[in-house]
Amino acid sequence: MSGERLLPRAAAWFIFFIFLVFLAGRYYTVIRPEIYPVFHMVMEFAIVVVAICASLMSWYDYKYKHDLKMLFLSLTFSLVAPFEFAHALSYMGMPDFITPNTVNKASTLFIITKLLLAAGLLTAVVFGERIRVIHRSALIPTFSALIGVGAIYLIVTNLSLLPPMYDPAAGSQTGIKVFLGYLVMAVEAFAAIWILTKRWVGSKDFYLGMALIIIIMSDLAFTYYLSPYDTYNLLGHIFQVFSFAFIFKAIIDDALGMLYETNRTLARQWEMLAEKNQQLLEADRLKDEFLANTNHELRTPLSAIIAFTEMLLDKSTGTLNDMQKDYLDEISDSGKELLGRINGFLDLSKIAAGKTVLYKEELNVYELIDDVSSKMRPLFNQKGLTLVLPREDISLKVWADREKTGQILVNLLSNALKFTAPGGRVAVEVGTDDSGCGVNISVTDTGIGIDTADQEKIFQPFQQVDGTTSRKYSGTGIGLTLAKKLVDLHGGYIEVASKINKGSTFTFMLPTGVTEEKGKVS
């Protein structure tokens, strides 16, 4: 809301309150003394409650934004609230407050309250745009309220030392009271003009400007009253209630403005984060496609190298000496090992790209284990490891992809083979899952074991417990990752139990139920 739009609205409010002042004069009356204190106490109580709320709200706003305007408002209302309350208790018709109640006593506390309010609002408006962090700022409103209470006690007990604000003989306000009233209005008018002339006026500034205009109207009514119980006095209190309410609204708008700005900032950050996340997903997709294409392109020439090496080893292609045979054997073995790793990368890339197809069928678990172990047993014998297989039980079957399930078991046995020292033992065990819906296959070794803190990490791509270049055990760190992803594709799970230097047990579960004949899993 701009200052140009504020001016006509402020003028409308000004005219409206002038009209109310006119009505109060047109239908001027003095309310009976036994009735007026009730109305007065209700309005003063509302003013005190709003002042306390304004003090607390502005202090909380300062706590998070550190602008001095909110701190000045908090200090102002922490002083105004006790003075306003003391003024209400000092009114005629109320029980004596510290000293006997008089109109002069109530008027003195009233004009001091007005001076504090006008000075505080002017300070907040003119000097409150700065930002300053004050440590232990929570103590400031508390000390301010305590100072106010102490000042009230000194004023009430030494009232005779102050200039009188009400002349009981004349039954009207004294000249100094009227002068101070106009001074208060001048200060408030200056603060209002300061707001109205700002280049940009927001909602909170508008309500603060309206509050200043209403306060001026309130003070104007107080300067006109002839009796402490007449309509001008009543109208002044009504205006003051509305002015405090407008100030409280300005403080709330300022606090909510910070909340709205924070929400807008979070929304912008969320949009940026979503955009970055989309870019990362796209980059990850391109990476997976690149790896899949690259691995596929590498596998073709590597397969040719292996094939030609085996042809050279065949006697039909010619006679080789022992050294040449050894070299070709090394080339063939290294090529096969490299091909296996490339195939692993290719499988991971295909799973990530959602291109892995599972051809499920009913598999006999023991036949699968026997088939895989027969191919790997020479490697165990060569390293001096004992491979223990379960007894055959033709009743245990799973619904799975034969090739992929065999790959899971090969990866787990290869892992056990790598990390188990010669003379060790590797055992394959089979059992029914606790849920009755699957079969558990476990591979237990007596190898180096895995620390508890590292047991989740080993299933992450390219992660190994020892990731240094000088590590003892070679490998790319994708065997267990691929095994887990293949198990997940089947709808099963894999877990590990291990202790350092005691060995490890990897257990994976495959479902027994027929869920689909053939599916593409992404």
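Ile-52, Leu-56, Tyr-60 and Tyr-64 make a nonpolar surface patch of about 440 Å². The model is predicted. The protein has 12 helices and 11 strands. Of its 522 residues, 43% are buried. The structure holds 3 salt bridges.

**Overall figures**
- The protein exposes about 28,000 Å², and carbon and sulfur atoms supply 63% of that area.
- Take the contacts between residues at least 6 apart in sequence: 76% of them join residues at least 24 apart.

- Ile-52, one of the patch residues, sits in helix H2.
- Its relative accessible area is 41%, so Ile-52 is partly exposed.
- Helix H2 spans 36-65 and is one of the helices that the buried residues of H5 pack against.

**Helix H5**
- H5 covers residues 139-157, 19 residues in total.
- From first C-alpha to last, H5 reaches 27 Å, close to the 27 Å expected at 1.5 Å a residue.
- Pro-141, Ser-144, Gly-148, Ile-152, Ile-155 and Val-156 are buried in H5.
- The packing partners of the buried H5 residues are helices H2 (36-65), H3 (68-89) and H4 (103-127).

**Thr-113 in helix H4**
- Thr-113 belongs to helix H4.
- Thr-113 is buried, at 3% relative accessibility.
- Leaving out residues up to four places away in sequence, Thr-113 touches Val-80, Phe-83 and Glu-84.

- Side chains of opposite charge can pair when their charged atoms come close.
- Glu-361 and Arg-402 meet through their side chains at 3.8 Å, N to O.
- Glu-361 is in strand S4 (residues 360-364) and Arg-402 is in helix H11 (residues 402-419), so this pair ties together parts 41 residues apart in sequence.
- Glu-361 is partly exposed at 33% relative accessibility, and Arg-402 is partly exposed at 37%.
- Asp-371 forms a salt bridge with Lys-375, with the closest N and O atoms 4.0 Å apart.
- Asp-371 and Lys-375 are 4 residues apart in helix H10 (residues 365-383), so about one helical turn separates them.
- Asp-371 is partly exposed at 38% relative accessibility, whereas Lys-375 is exposed at 62%.
- Lys-484 forms a salt bridge with Asp-488, where the closest N and O atoms are 3.0 Å apart.
- Lys-484 and Asp-488 are 4 residues apart in helix H12 (residues 479-489), which means a separation of about one helical turn.
- Lys-484 is partly exposed at 28% relative accessible area, and Asp-488 is partly exposed at 37% relative accessibility.

Technical notes. Residues numbered from 1 in each chain as written. Predicted model: local features only at pLDDT ≥ 70, side-chain atom pairs only at ≥ 80, totals over all residues. Heavy atoms only, no water. Helix = DSSP H or I, 4+ residues; strand = E, 2+ residues; numbered from the N terminus. Expected span 1.5 Å × (residues − 1). Buried < 20%, exposed > 50% of the residue type's maximum accessible area, 1.4 Å probe, protein only. Contact = heavy atoms within 4.5 Å. Patch = residues over 30% accessible without salt bridge, like charges linked within 9 Å, V, L, I, M, F, W, Y side chains within 5 Å. Areas by Shrake-Rupley, 256 points an atom, 1.4 Å probe, with all protein chains shown as cover.
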